[in-house]
Amino acid sequence: MAFNLFKHKNDSDNSTASSAAVDTGKKRVRNRIIAGVSAAAVAILASTYGAGRAYCGDHFPPGSVVCGIDASWMTANELAIELESSVADYRNVITGDGLNLTLTAADLGMTVDGLTVAHTALAKCNASAWPLGLFSKTAIATGVDVSVDRQMAADAVADAVWNYNQTATSPTNAQVVYDDEAQAYVTVPEQLGTLLDADAVTDAIVSDALVLEEETKLDEAQLARPDVLIDSPSLASACEKANRIVQLAIPLTFEGSTVATIDGSAIKPAVWFDYSYGNVTPNVDFDTIWNWCYDTLNAVVNGETETRVWEVNSWETAQSLVPQIDSVSDAPLEVATITIETRPPESEGHEQYGRHIDVNITTQYARLYDTDGKTVLWRSPIVSGNPNTGYGTAQGWFTMDWRDEDITLYGPEDPETHKPQWASPVRWWMGFYANSDGFHDADWRWEEEFGGDTYLWAGSHGCVNLPIEKAHELWDLTDYGEKVYVHE
């Protein structure tokens, strides 16, 4: 049994070796056939390449594109004819973005020197690389291609663009706005709108005409662009500064003490943004701050002492406040004021006399004090009697004991005419000295004549002259028996 098995194995090995010999023979034959075919193919390819290279010596290689025309296998003359014919017959249909019009070569001022373009393009071709053109196209730029008159193109589309834009929506800049919910300024993106940019439309038409493209399709690229885009650095900077501005709280002082604070609630209405030339700048409106100073500061700062009356100088205060806000500074600011009236100092010792009318000849000023001798109920500049003519007002303590309305005051009789030396109609008469010296209105005097030294050269005949409204006020505030103190 073992012997038989061994013998069987040996027989099998002999059979395998025989089959291998046959396969090897077959491979040798096949390889010789392939080698023969490959050699033939190489020969054919070499012959074809050589023929193509020779042909492309005066023809355009395949894949050559000149001015948008497929010039494959053309001669320079053939391309020249094709170019000039294409330009002569050129029409461009413009569609999209609300436009639909057709322009001809004449509309666009198109010209071409076909031979120059063709020969220049052919000279740039590489005949040796002609097989590459079988798989891809190559646009050949000559620098002397089709010519288009851009100004003629712009003029040709101007009316159509203008007419369309009459109802189009303009683009809006990316902006800084105040978000009430966020309680802060935020940026919002730009919007294109539908307005056409005439230059961009012209550029698209010219670009297509240069390669003889017969249809120009307008899209967003030809819409008017906003000046400010959402990614503009100045937009972000303006937003950040505006938020710092409205967080200010600037103490406003008067004579060293804080009297008010201007903060975001008052500043925010004054903030506005300038978008000129694509740069965003936050600004502070002067008039808004000026009005706030007038309305708010006047209420807390305006005042008076017995010798001075003042009010806020809103203009000057705003002139200082606006640049400080713009610089985002919260340093205290002194409120500017205007003195609108100055008054002479009070007479010494008035506090001890209780209620009385103090008439100071030196300061040409009169005051009515209340029962405490301190509270001033009434005040006025005066014109007293002229001491240089012998009519100085009587001095001392007196009592108001004559009062009358709408009377005429007469002077002494003129010895020559036997008529009064003067006659002065007055509305309110309040006599305190022998019914010859007293308080009364003097409407014949200019307002600026009261006070000062008028009494020394144009004084009265002894009476205390008052502006008409001041005489009326004193009449209403006094009665018989009022104490009057006249002194220098």
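In the predicted model, Trp429 stands opposite His440 of strand E23. Strand E23 covers residues 437-441 and pairs with E22 in the antiparallel sense, over 4 bridges. The hairpin formed by E22 and E23 has 3 residues between the strands, and Ala434 takes a positive phi near 50° in this hairpin. Strand E22 (residues 423-433) is also joined to strand E21 (residues 402-410), again in an antiparallel arrangement, by 8 bridges. Within this second pairing, Tyr410 has Ala423 of E22 as its bridge partner.

A search of the whole structure returns 16 aromatic pairs. One of them is formed by Tyr185 and Phe273, whose rings are arranged edge-to-face, with 5.6 Å centre to centre and 75° between the planes. Tyr185 belongs to strand E7 (residues 184-188) and Phe273 to strand E11 (residues 271-274), so this pair ties together parts that are 88 residues apart in sequence. Tyr185 has a relative accessible area of 6% and is therefore buried, the cut-off for this class being under 20%. Phe273, at 13% relative accessibility, also counts as buried.

A further edge-to-face pair is made by Tyr353 and Tyr485, with a centre to centre distance of 5.6 Å and an angle of 70° between the planes. This pair links distant parts of the chain, 132 residues apart: Tyr353 is in the loop between strand E16 (337-342) and strand E17 (356-360), whereas Tyr485 is in strand E25 (residues 483-487). The two residues fall into separate accessibility classes. Tyr353 has a relative accessibility of 24% and so counts as partly exposed, while Tyr485, at 18%, counts as buried.

Ring pairs also link Tyr49, Tyr55, Trp73 and Trp130 into a cluster.

The charged end of Lys268 sits over the ring of Tyr178, at 4.6 Å from the ring centre. In a second case, the charged end of Arg403 is placed over the ring of Trp475, and the distance to the centre of that ring is 4.1 Å.

Note on methods:
Residues numbered from 1 in each chain as written. Predicted model: local features only at pLDDT ≥ 70, side-chain atom pairs only at ≥ 80, totals over all residues. Heavy atoms only, no water. Phe/Tyr/Trp six-rings, centres within 6.5 Å; stacked < 30°, edge-to-face > 60°. Helix = DSSP H or I, 4+ residues; strand = E, 2+ residues; numbered from the N terminus. Buried < 20%, exposed > 50% of the residue type's maximum accessible area, 1.4 Å probe, protein only. Lys NZ or Arg CZ within 6 Å of the ring centre and 35° of its normal. Pairing = 2+ DSSP bridges.
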